[in-house]
Amino acid sequence: MVTKLSFSMPEQPLYRAQGIFSHQSDSIDRRERKRPFGPLSNFVADQLPHCIAEIKASARPGEAVKALGRSINAMIAETDYEAQLLNLPQSEFGVAKTDIQYLVNCAYQMSAFAGLHSVDAELTVGEALRQLARVSRQRQPSIDVLSYEDMILTNPLQSDPRVYCLGSAGVEERDFCLGHQLIESELQSAIDALLALRDAVGADARQCLAVCVERLESANYVLARFYERMSPDLFGQFRVFYGKNPYKDRLGPSGRFSARIVAVSVLLIGEELFHQKPQFYMDVYRLSEYYPQGCIQEVFRWLSPDKGGSGLQPSWLEGKADFPKFATILPVIERHGSETRKLLASCVCALDQFSRMHRSTALKYTIEPGRPIVGVETSESVEAVLSQRLLMAARQS
Ligand code: HEM
């Protein structure tokens, strides 16, 4: 089934990308307020970074963070936010969930900063906030910590961003998230084009692949801005808020949990990936709760058409069946000539380029400076994760 076609307006993300990491301003221009929770959203967008700065500067950070927790819970107790949460339209619900998870994550990260023990950290989060987070997960099942979706996809970054830092570090933090969001938008256009090719009878293969390669090259352009222009010092300042949860056995919001990267990879190189890097698929199934659920479930449906995408590891991954090649565009490409195959090779090359450039970026900002790894379990190797989608043939070219 073709979900959505969006071949138009490709210029916008690139135009926005030119402005990221420009270091020309130390304040965020909030063009249009997105405040689904009224005073609570106002607090997250306008006050939270100031409260964090005060705790950091405080002589008694433990007391200061507990006081912050109490005042957030008192604010929640004043209004029936649970009812509001259940009645919001979906787009506003996404922002409200981001607000909740930004608060929860702040309480945990600042408790750890202040050296609080687990019991005190849970008291700081507080029952009212915890209950609100529970209700948000009842409406939309998701992992019980700040997710990639909360931080990148439903955070209103273009108009009224949620960030933890003040001043230039806050602007850099906004641009870090916005850059991810722009890449996600390019990936969505690439997916739409590939789905049209795979599923729509009579789709123009050349046009679909040309759109795909163009969108992936745009994603590479945005990623290059990270590599060239992001300040390592400012990155270090905001990175600390997006780490693993210090009290729970949970990973942090990492680009690793971009379901659209998984979708593009499956559509373009799905079967080869299975033969060369089966671990990639095992990890996606094992860590599926961390991904945006709508998109990853759709990919699971492609990969297990019979089971309706239950999310359980499919039998082909255990070698008990053939890989479902109709999840990819390869069967369609086989019906076309050499020109189409060349275009496919360009798409694969652009995706490979993304993974390699990303690896250099991760080395430059995280691994070489020794900053904490947020999206890799202690039993895994970071190097293996960073090369988990690289194919041998593409690597040698
Ligand atoms: C300065 C920018 C970035 C840095 C320093 C960085 C760092 C990392 C690190 C250290 C990992 C290993 C897992 C973890 O600990 O999170 C990782 C994984 C990953 N990141 Fe990033 N990342 C950056 C930008 C991006 C962007 C913009 C995307 C696009 C959505 C992205 C997508 C991924 C993916 C898909 C993985 C899993 C490895 C793969 O499949 O290639 N990252 N990143």
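Helix α16 (338–367) supplies six residues, the largest share of the shell around the ligand, where helices are DSSP runs of H or I with at least four residues, numbered from the N terminus. The structure is a predicted model, in which local features need pLDDT of at least 70 and side-chain atom pairs count only at pLDDT 80 or more, while totals for chains, interfaces and linings use all residues. Residues are numbered from 1 along each chain as its sequence is written.

**Ligand shell**

- The shell holds 26 residues, of which Ser254, Gly255, Arg256, Ala362 and Gly375 come nearest to the ligand; a residue is near a molecule if its C-beta atom, placed from the backbone, lies within 6 Å of it.
- At least two residues of the shell come from each of α9 (167–199), α10 (205–229), α16 and α17 (382–386).
- By residue class, the shell contains 13 nonpolar, eleven polar and two charged residues, with Ala, Val, Leu, Ile, Met, Phe, Trp, Tyr, Cys and Pro counted as nonpolar, Asp, Glu, Lys and Arg as charged, and the others, Gly among them, as polar.

**Packing of α9 with α12**

- Helix α12 (residues 259–276) packs with α9 at an angle of about 30°, the axes being 9 Å apart; axes are lines fitted to C-alpha atoms over the stretch in contact, and angles run from 0 to 180 degrees between N-to-C directions.
- The contact brings Glu184, Leu187, Gln188, Ala190, Ile191, Leu194 and Arg198 of α9 together with Arg260, Ile261, Ala263, Val264 and Leu267 of α12, two residues being in contact if their C-beta atoms, placed from the backbone, lie within 7 Å.
- Eight nonpolar, one polar and three charged residues make up this contact of α9 with α12.

- Most residues other than glycine have a negative phi.
- Phe21, in the loop between α1 (11–18) and α2 (39–57), has a positive phi of about 55° although it is not a glycine.
- Phe21 is buried, with 20 other C-beta atoms within 10 Å; the class buried requires 20 or more such atoms, exposed 12 or fewer, and partly exposed a number in between, with C-beta atoms placed from the backbone.
- His23 lies in the loop between α1 and α2 and also has a positive phi of about 55°, but His23 is partly exposed, with 13 other C-beta atoms within 10 Å.

**Confidence**

- The average pLDDT, the predictor's confidence in each residue from 0 to 100, is 94 for the protein, and 95% of the residues score at least 70.
- Over residues 1–10 the pLDDT is below 50, and this stretch has 16 contacts in the model beyond near neighbours in sequence.
- Where pLDDT is low, the predicted coordinates should not be read in detail.
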